Amino acid sequence: MDEPMDGPVDGPVDEPGPGLRTVHRLRALTVELDLLAASFAQRHGLHPTDLRALIALLDAAREGTPATPGRLGRELGVNSAGTTAVLDRLERLGLVRRTRDGHDRRRVLLEVTGRAVELGQGFFGPLIGEVAALVEGLSPAERATVEGFLASVREVVARHAEENASGNGGGNVSRDGNGNVSGNGNVSGNGGGRSGGDAQAE
């Protein structure tokens, strides 16, 4: 059997259908957003995992959802020690504070500071404003279609991420504070159960 030849393909390449064209545009958008996020992280001395943590905490604050180290670690796919390392870095930068739950002193809550909000708005605010203006220019039916499509795409991506994680040695992917895969996939990073004072009270 002839082996495949490296190099450019001879002849015309079939034009992708509408589904693939949309996938390619989504991929290009993801690359641009990643580059923008990397620029913000580099400017403020943040690791990519730190930025993901800040976004998760800002989302939780906007939704009125209490944020805990355990919840944050699960969202980031980071083990207990890694979550503590991320929070230590963000706290030193004055972007996050840890407080005690007024109803349960054993429970640690996470809050983003006003400085974090100001930095995010200063950098991403103009982009958010322009995108919001594009959305507001759509008809109600068009907005519903776009929102429904994006929600469905997110569900598909999340499902594939979960399937890939569960297929990684039979456990969830576990990462340290720098995003490196470690251990056997348990969120705790210690082979079973959560450990550490911050991760105990969720």
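Here are some notes on this predicted model, from overall fold down to individual side chains.

1. Overall layout. The protein has seven helices and two strands. Of the 202 residues, 23% count as buried. If you take the contacts between residues at least 6 apart in sequence, 53% of them join residues at least 24 apart. The accessible surface comes to about 13500 Å², and carbon and sulfur atoms hold 55% of that.

2. Confidence. The average pLDDT is 81, with 76% of the residues scoring at least 70. Helix 4 (residues 80-92) is where confidence is highest, at a mean of 94. Confidence is lowest in helix 7 (residues 197-200), where the mean is 39.

3. Stretches to treat with care. Residues 169-173 have pLDDT below 50, and in the model this stretch makes twelve contacts beyond near neighbours in sequence. Residues 181-202 also stay under 50, and here the model has 49 contacts beyond four places in sequence. Where pLDDT is low, the predicted coordinates should not be read in detail. I'd keep that in mind before reading anything into those 49 contacts.

4. Is aspartate 50 buried or exposed? Its relative accessibility is 2%, and the cut-off for buried is under 20%, so aspartate 50 counts as buried. This residue lies in helix 2 (residues 48-63). Its side chain meets that of arginine 89 in a salt bridge, at 2.7 Å from N to O. Arginine 89 belongs to helix 4 and aspartate 50 to helix 2, so the pair ties together parts that are 39 residues apart in sequence. The two side chains are also listed as a polar contact, again at 2.7 Å. Leaving out residues up to four places away in sequence, aspartate 50 touches Val86, Arg89 and Leu90.

5. Other salt bridges. How many salt bridges does a search of the whole structure find? The count is eight. One of them pairs the side chains of arginine 71 and glutamate 75, at 3.3 Å from N to O. Both residues lie in helix 3 (residues 69-76), four residues apart, which is about one turn of the helix. Each is partly exposed: arginine 71 has a relative accessible area of 30%, and glutamate 75 has 42%.

6. Arginine 98 forms a salt bridge with glutamate 91, with the closest N and O atoms 2.8 Å apart. Salt bridges that share partners bring Asp88 in as well, joining Asp88, Glu91 and Arg98 into one network. On accessibility, arginine 98 is partly exposed at 22%, and glutamate 91 is partly exposed at 33%.

7. Nonpolar surface. Leu29, Leu33, Leu127, Val131 and Val135 make a nonpolar surface patch of about 380 Å². The elements giving two or more residues to the patch are helix 1 (18-43) and helix 5 (114-136). Which element supplies the largest share? Helix 5 does, with three residues. Valine 131 is in helix 5, and this residue is partly exposed, with a relative accessible area of 41%.

Definitions and conventions
Residues numbered from 1 in each chain as written. Predicted model: local features only at pLDDT ≥ 70, side-chain atom pairs only at ≥ 80, totals over all residues. Heavy atoms only, no water. pLDDT = per-residue confidence, 0-100. Contact = heavy atoms within 4.5 Å. Patch = residues over 30% accessible without salt bridge, like charges linked within 9 Å, V, L, I, M, F, W, Y side chains within 5 Å. Areas by Shrake-Rupley, 256 points an atom, 1.4 Å probe, with all protein chains shown as cover. Salt bridge = Lys/Arg side-chain N within 4 Å of Asp/Glu carboxyl O. Buried < 20%, exposed > 50% of the residue type's maximum accessible area, 1.4 Å probe, protein only. Polar contact = N/O pair within 3.5 Å; in protein donor to acceptor, adjacent residues only side chain to side chain.
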